[in-house]
Amino acid sequence: ERSDFYPFNFSLSVFFVANFAGSQSYIGVNYGQVADNLPPPAATAKLLQSTAVQKVRLYGADPAIIRALANTGIGIVIGAANGDIPALASDPNSAGQWVNSNVLPFYPASSIVLVTVGNEVLLSGDQNLISQLLPAMQNVQNALNSASLGGKVKVSTVHSMSILGRSDPPSSGSFDSSHLDAMKALLQFQRGVGSPIAVNPYPFFAYQSDPRPETLAFCLFQPNAGRVDSGSGIKYMNMFDAQVDAVRSALNGIGFKDIDIMVAETGWPYKGDPNEVGASVENARAYNGNLIAHLRSMAGTPLMPGKSVDTYLFALYDEDLKPGPSSERSFGLFKPDLSMTYDVGLSKTSTTSQPVRLNSPPSSSEKTPSGGGSPAAGQERWCVPKAGASDAQLQASLDYVCGQQGIDCGPLQPGGACFEPNTLASHAAYAMNLYFQRSDKRPWNCDFSQTAALSSNNPSK
C-alpha cells in the first residue's frame, strides 16, 4: 500500500564513495501476490538467490513461499492481515494458533525475522481496529515467547507516512496529534521487544504533487541544488533521506531515540496512466538504482549517518490483479518469466567490490533496455548543458559536481588546463561531462534537473 507524502522545501550535503559492505542485509524486496501469473515459489527462491536481496517481505504467510525460502539464508517478514487483528487481540489462543500455523512449522530452516501485524491500521479510521492493534501485537509476541522465539522473531506493524502531522522540514517531523496516544503505546511496546517502526516512504508521490524538474532530480538522487532544512541548517540532497529523517525527528521528539526505522516499502513505477507524471522506465531505473547505491554507500541519512536503514523495495513482481491506476500494476523489478524489467544492479554478477558512487547504479557490466547502458563503440557521448540553461542552474550544477568526493575540478581553476574559455557555460560543461563519465555513463546521470543533454560532439573540441 502506497500513500501520498508531500514534498519538502529543503535538503543534505555530499555523499561518499564507499565499497560494498560484506553483507547487504539492508536490501529487501516486497513479494506481493495479487496476481494470476506469478512464477512458482521455487523459481522465485532461485531468482532471489541470484541477487543481492537478503530479505523478503510477504503481506501474508503463504506456506509455499516460506517453505521455498528454507535454507536460502534469506530473511523473511510475514504478515497478519488487518482482518486477523480482532481475533488475535481478543483471544491469546488465537494468537498461539497463528504462530503454530505460520511460524513454527518453518522456523528456523526458513529464516522468519519479523511478523507485521496489520498494514496502515492507524489510517483506517476504524477506531475499534486501532484499539485492538496493540493487544494483537502483544498476544502474538507472547505466543512467540511461549515458543521460545522471543527476541528471535520480532513483532511490528506497518505505517503510512501520513502518520506524520508535520514533515516539512524534516527537523520539524512530528506525529499527527490524532494518532499520538496510539503511537506512543505501540512504540513503548516495540521498545520492550526491540522491533523497528516500519514506514512506507514514496518520493514518487512527492513528485506527483510537485512535478518540477528540480523536484524530480531531488527524488531520483540525481544532481540538484539541494534543499536546506530551515530548522537544522542541514542540506538535503534527496527526498528519501528527508522523508526518513522526518520520521526520525518525530520519534526523537516523543522520547523514542532508541527505536530503529525500517522502510517497509519504497519504489517507483515504470509506467502509469497519462496523468501519472514521472512514471517511466528511466525514472524507475534511476530511483531504484540510485537508492540501492545510496544504501550500499553506508552514508546513511543526516540524522542517522554511517548506517543504512533496512529497506524493502516495492516490488519483486507486478501484481496484475491490483485495482487502481496503471502505476499500481507497474512496480515490478522482475517479470513473470524471471527476466529483469530493468537493471538496477541487484544481480550478484554485478555487485562487485568496486567503489559505488551514490548517484549511479553499481553495474555497468550488464546491458540494459533501450535508453540505458553505455554506448557502443564508435558512439561515444558527452554530457553538455542545454541551450537556454540559466546561469543559476549552471552554477548549481557546477557546485554540486565539484563538491563530490573523488571529483577533481582543479583544471577549472585559474591556470588550469580547462580554465579557458573562462565562462560559466564552459566550466559547467566540463563538470557535467566529468560527472557523467565517472558515473558509468548512464543517461540518467546527465540530467541536472533537465538542464543537460547527451551529445555526440566532444565539447573539449
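**Reading the terms of a predicted model**

Visitor: How do you know that the length of H12 agrees with the span that its residues should give?

Guide: The expected span of a helix is 1.5 Å times one less than its number of residues. The 15 residues of H12 should therefore span 21 Å, and its end C-alpha atoms are 21 Å apart, which agrees. Helices (H or I, at least four residues) and strands (E, at least two) are DSSP runs, numbered from the N terminus.

Visitor: On what basis are such values given?

Guide: This is a predicted model, in which local features need pLDDT of at least 70 and side-chain atom pairs count only at pLDDT 80 or more, while totals for chains, interfaces and linings use all residues. Residues are numbered from 1 along each chain as its sequence is written, and side-chain values use heavy atoms, with hydrogens and water left out.

Visitor: Which residues of H12 are buried, and what covers them?

Guide: His-427, Ala-428, Ala-429, Ala-431, Met-432, Asn-433, Leu-434, Tyr-435 and Phe-436 are buried in H12. The elements that cover them include E15, helix H11 (391–402) and E16. Just after H12, Asp-440 has a positive phi of about 65 degrees.

Visitor: Why is Cys-409 called buried, whereas Cys-402 is called partly exposed?

Guide: Buried means under 20% relative accessible area, exposed over 50%, and partly exposed in between (1.4 Å probe, protein chains only). Cys-409 has 10% relative accessibility, so it counts as buried. Cys-402 has a relative accessible area of 32%, and therefore is partly exposed.

Visitor: What makes the link of Cys-402 and Cys-409 a disulfide?

Guide: A disulfide is a pair of cysteine sulfur atoms within 2.5 Å. In this pair the distance from S to S is 2.0 Å, and a disulfide joins Cys-402 to Cys-409. With -90 degrees about the S-S bond, this link of Cys-402 and Cys-409 is left-handed.

Visitor: How many disulfides does the structure hold?

Guide: The structure holds two. Cys-383 and Cys-446 form a disulfide with sulfur atoms 2.1 Å apart, and their link is right-handed, with 90 degrees about the S-S bond. Cys-383 lies in strand E15 (residues 382–385) and Cys-446 in the loop between helix H12 (424–438) and strand E16 (452–455), so the pair ties together parts that are 63 residues apart in sequence. Both Cys-383 and Cys-446 are buried. With the bonded cysteines of the protein chain numbered in sequence order, the pairing is 1-4, 2-3.

Visitor: Why is the pair of Tyr-31 and Tyr-317 called edge-to-face?

Guide: Rings of Phe, Tyr and Trp (its six-membered ring) pair if their centres lie within 6.5 Å; planes under 30 degrees apart count as stacked, over 60 as edge-to-face and the rest as tilted. The structure holds 13 aromatic pairs. The rings of Tyr-31 and Tyr-317 have centres 5.9 Å apart and planes at 75 degrees, so this pair is edge-to-face. Tyr-31 lies in strand E1 (residues 27–31) and Tyr-317 in the loop between strand E14 (310–313) and E15, so the pair ties together parts that are 286 residues apart in sequence.

Visitor: What makes the pair of Trp-268 and Tyr-287 tilted?

Guide: The ring centres of Trp-268 and Tyr-287 are 5.6 Å apart and the planes stand at 35 degrees, so the pair is tilted. Trp-268, in the loop between strand E11 (261–266) and helix H10 (281–297), and Tyr-287, in helix H10, are 19 residues apart. Trp-268 is buried, with a relative accessible area of 0%. One aromatic cluster is formed by Tyr-202, Phe-204, Phe-205, Tyr-207, Phe-221, Phe-240, Trp-268, Tyr-287, Phe-314 and Phe-331.

Visitor: What makes a set of residues a nonpolar core?

Guide: A nonpolar core is a set of buried Ala, Val, Leu, Ile, Met, Phe, Trp, Tyr and Cys residues joined through side-chain atoms within 4.5 Å. In the largest such core, of 99 residues, Ile-78 and Ile-197 touch the most other members. Helix H5 (residues 127–146) gives the most to this core, with nine residues. Apart from it lies another core, of 19 residues, among them Val-401, Ala-431, Phe-448 and Ala-452.

Visitor: Where does Ser-156 lie, and which residues does it contact?

Guide: Ser-156 is in strand E5 (residues 154–160) and, at 0% relative accessibility, counts as buried. Contact means heavy atoms within 4.5 Å. Neighbours within four places in sequence aside, the contacts of Ser-156 include Leu-114, Met-137, Gln-190 and Ile-197.
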